[in-house]
Every structure is written in structure tokens, then in C-alpha cells.
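This report considers the spaces inside a protein model and a set of residues named in a database record. Please look over the sequence and the structure before reading on.

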Amino acid sequence: MQTLKTEKSYTRGDWQGGYKSLTEEFDYEIDNVEGEIPPELQGTLFRNGPGLLDVNGQYIHHPFDGDGMISRISFVNGRAHFRNRFVRTEGYLAEQQAGKILYRGVFGTQKPGGWLANIFDFKLKNIANTNVIYWGGKLLALWEAAEPHHLDPHTLATLGKEYFNGVLSTGEAFGAHPRIDPSCEQDSGAPCLVNFSIKPGLSTTITIFEINPDGKVVRQHAHSVPGFCFIHDFVITPHYCIFFQNPVTFNPIPFALGIRAAGECIKFQPNQPTRMIVIPRQFPAGETKVKILETQSGFVFHHANAFELGDEIVIDSICYESLPEVEPESDFREVNFEAISPGQLCRFHLNLQDSTVRQEMISSRCCEFPSINPEVVGRPYQYLYLCAADQPTGNAPLQALLKIDLKSGEKQVWSAAPRGFMSEPIFVTRPGAKKEDDGWVLALVYDAAHHRSDLVILDASNINQGAIARLHLRHHIPYGLHGSFTYRVFDEQ
């Protein structure tokens, strides 16, 4: 009879090591490799995340307030090269020169000096720390509350801000979670990047942008929906964009008075429903109909995918019982994992004819950061990859990679426990692939035993067999957020 392990798969001290700042910028060939880098793997992995968790020893209140740092790993002819660089935002340069915190952060960081130093200061630092994509011949660092930063993909130097030929205005939001439609019907089957911006208030304006492979905004439409929206991610199908309006309220008064940061003024409303906002990607002449459906209360940061099935839209999402609220005076390094409900994979069936929502749980295992083959975005799909806890029950740090066959229900798990901690997996399709899971999964793993990060390459068709290659970096990379892969290889300069 098999018994479940009851001891923790991690120590908090090990996990905390991944939340130390990396102040140095590197540029080197990765020569410490276990296994073999697949020679067909050619291209560039970009990652973004908070590289600084303090400013000259003054700790920020939440990692989401940390300055964005881009990491790039280039693959060519079975070799790999690493480079990292901070995004030279206006705020980063000013604080580095001053040697102290000069800006309030969305998630709790305040300027030193108490409420008097923060009252009526609404200027937030564009930290460019959430995602990085190569699209339209440009490398863009994304932070959803403001415009992107344009970077040189060769040197990672910051070139300025990106406004898409005047489509965006100064300071206008541009989401950090774009979706790429691999075959857009409106563009004769060409790929198209779909993104959004949020302008919240008593009612919220959602603007949708569709950008062609040349980097030109070819479609743009705005919609007003009732209530305050706190939305990080969305999903697309060939005909719809779908947003989950989490049941939260925002009280701006403590923020205005300098007592609380903006993120600390958001409160979850467990007695209110979660709303699904369904916006068509194209409208008949003169029609701008937005459909809003309701389901039970819950909170969603990330979605895996969506697809159309007859009159239904099917959406797979990571669901929480409530919003993990940011508490004043708390220390994110001391989080009590066991006291928090885990994120779990759920499937929603949205019936557009009768406006009903049916919900089912696919996996109760603690999980986050879903990833799929880019060729099936917005389409029916079979395989899903996620970060997950090492153990099948309870909440814990993300230490494993979980593959789910959504048709058969089969699950595969590869774990870096006890001393490894996972970041978002990125699926890379093998050139000439005929099957959906023919490719590799790339993930950065923080190795607490050596206080360094490894880039792990797994065979996406069989992650049970373990890593094909493990590339040992010379340092750690603080826990990141999102990234992307391009088949372009950039010359080292």
C-alpha cells in the first residue's frame, strides 16, 4: 500500500534564495552543461522579471514592484549563450543614481517617510518587468499599466518607449499578456498578435489591439463594461476575446492619502460572482455587442487556452478561491504557503446561446503558469504544461513541471524538489513537427543548493524521462514572470 509523504518538499530558506537581487549584468557562453542541447533547437529564449528586490538595501514591499530585467539565452548549433540586462526605464535610472527608492509601487512599496512623503503622489514607476516578446521586428518589454519599452535584441539596450506609430499615447496601458493567433481569419491566415489595455474606474474601458507581423496595429476597438476590472490575462479564439472580471473592489482613498499602495486597496468580494466578458473580434456594421456571463465567485490570474465548440466557448484557467491580498507591513519572503488555498486547473464551458456557465475541475494539484504549443492558441488542443507543487495535494512553492493530456487525462510530472524551484515553462515546437507535443519545454529552475539558476530542457512528448540538458548558469536569476521564444538568433555584440 502506497502512503503519501507528509514532510515538506522544500524549506522556506531554500525558496527565499530565489528572491535575492541580481545586480550584475552578464554576457557569456554557457559552458557548464549536463546532457546535450538538441542541435535542432535554434533560436532565442527571452525572460522578464523583477531583477532587483531592493534599491541600495531598501527592500521593496512586493516582488511585482521590482525593476524589470531581461534574460536572453540564444541557442545555435548545440551551444548556448547567456546575456542579461536591466531595462533602463526612467525610474530605474533615477533610483540607481539616487541610491534610494523614489517611487511608489503598485503592490505596496512606498517612498521612505511615511504617509506624508506619499500623500497625493500618483506617479507610479513603469518597471517593464512582466513580459518580453519579439514581434514586428522589435523586442518589447511589457508592463500592463503603461506603454512598452523597445529594446535592442542583440545588446538588450533600452532604445525608448514604443507607441506603435502613435496608436498609444504617453502613459497609456498596454497589456503584458498578449496572445498570438497563429492563423488569423481576418488576415488570410497570417499570424496576428492580440493584446488589450484596461482603463478602470466605476466603469472600465477595455481596448483591444490586433497587430500584424510587421508591427502595425490593423484593428482596434474599445468597449465599456460596468464595474471595476482587475485583469492581468485574457484568452482568444478565432472570433472572440474573453476576459474574466474578478469580483473585487477598489477604494482609492487610502492610496490618495499615502497610507496604502494601490494594490493594497483592492479587496476581494466573495459574495459577488465572477463575470466573463465576451467581446467579438469583428462586428457586423454598426454592431458592438458585448456579452457578459456570470459564474461562482473566484479569482483568476492566468488562463491556459480557449476554443470554440459549437455554441460554446471552452476556457481552461488557473482558479483561486479568492485573491491573495497584499497586506501592509507583511514580508513576502515569509509567506505561509499552507495557509493559502492553491491555484487549481479548471475548465469553463460558456454557452453563448443561453448565457450559462458550467465549471469543472481538471486538476486539483497546486499549479500556475500554463503553457501550450503556440500553434494551438485559440483552437482545440490536447496537451498542457504547468508549473506545479511537488506533492499532489496542498499549497506549496512551484517545484515541478506537470504535463496533462486533456483528452485521456494522463498526467506526467518532472520534479526539481527538494532544492529546485520552477519558473514558467515555455513550449518550443520542433522544426517539422507533426504532433502537438513534438518539441521541447524550456524552464529556468532556481537551484538553492548552489544559489544559481539552471535552464532545463525537457522532451515535451515525455517529460517523465527527465532533463535532456541542464544548462548551469554562473549565478541565479530572481524568480521571473513571463517570457517567450523566437526562432530568430541574434548576433552577439
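The sections below describe a pocket, the cavities and an annotated site in this predicted model.

## The second largest pocket

The second largest pocket has a volume of about 1000 Å³. Its lining comprises 36 residues, and those closest to its centre are Ile180, Pro374, Gly483, Ser484 and Phe485. Several strands give two or more residues each to this lining, among them β12 (179-181), β22 (299-309) and β35 (483-486).

Sorted by class, the lining of this pocket contains 19 nonpolar, 13 polar and four charged residues.

## The two cavities

A search of the whole structure finds two cavities of 30 Å³ or more. The largest cavity has a volume of about 140 Å³. It is lined by 18 residues, and Leu444, Ile477, Pro478, Tyr479 and Gly480 lie nearest its centre. The elements that give two or more residues to this lining are β3 (43-50), β6 (68-76), β30 (420-422) and β32 (439-447). Strand β3 gives the most, with four residues. In the lining of the largest cavity, 10 residues are nonpolar, seven are polar and one is charged.

The second largest cavity has a volume of about 30 Å³. The residues that line it are Ile231, His232, Asp233, Phe244, Asn246, Val300, Phe301 and His303. Strand β22 gives the most to this lining, with three residues. By class, the lining of the second largest cavity has four nonpolar residues, three polar and one charged.

## The annotated binding site

Which residues does UniProt list for "binding site"? The unreviewed entry lists His177, His232, His302 and His482. These residues span 306 residues in sequence, yet no two of their C-alpha atoms are more than 12.1 Å apart, so they gather at one spot. Of these residues, His232 is included in the lining of the second largest cavity.

His302 is placed in strand β22. Its relative accessibility is 7%, so His302 counts as buried, the cut-off being under 20%. Residues that His302 touches include His177, His232 and His482, as well as Glu368 and Phe369. The side chains of His302 and His232 are joined by a polar contact of 3.1 Å.

His482 lies in the loop between β34 (467-472) and β35. His482 is also buried, with a relative accessible area of 3%. Among the residues that His482 touches are His177, His232 and His302, together with Arg47, Asn48 and Glu424.

Methods: Residues numbered from 1 in each chain as written. Predicted model: local features only at pLDDT ≥ 70, side-chain atom pairs only at ≥ 80, totals over all residues. Heavy atoms only, no water. 1 Å grid on protein atoms, 1.4 Å probe; cavity = no way out; pocket = protein on both sides within 12 Å on 5 of 7 lines; lining within 4 Å. Points joined across faces, edges and corners; volume = space filled by probe spheres on them. Nonpolar A, V, L, I, M, F, W, Y, C, P; charged D, E, K, R; others polar. UniProt positions renumbered as here; feature names shortened; annotations may be inferred. Buried < 20%, exposed > 50% of the residue type's maximum accessible area, 1.4 Å probe, protein only. Contact = heavy atoms within 4.5 Å. Polar contact = N/O pair within 3.5 Å; in protein donor to acceptor, adjacent residues only side chain to side chain. Lists of a residue's contacts leave out its neighbours within four places in sequence.
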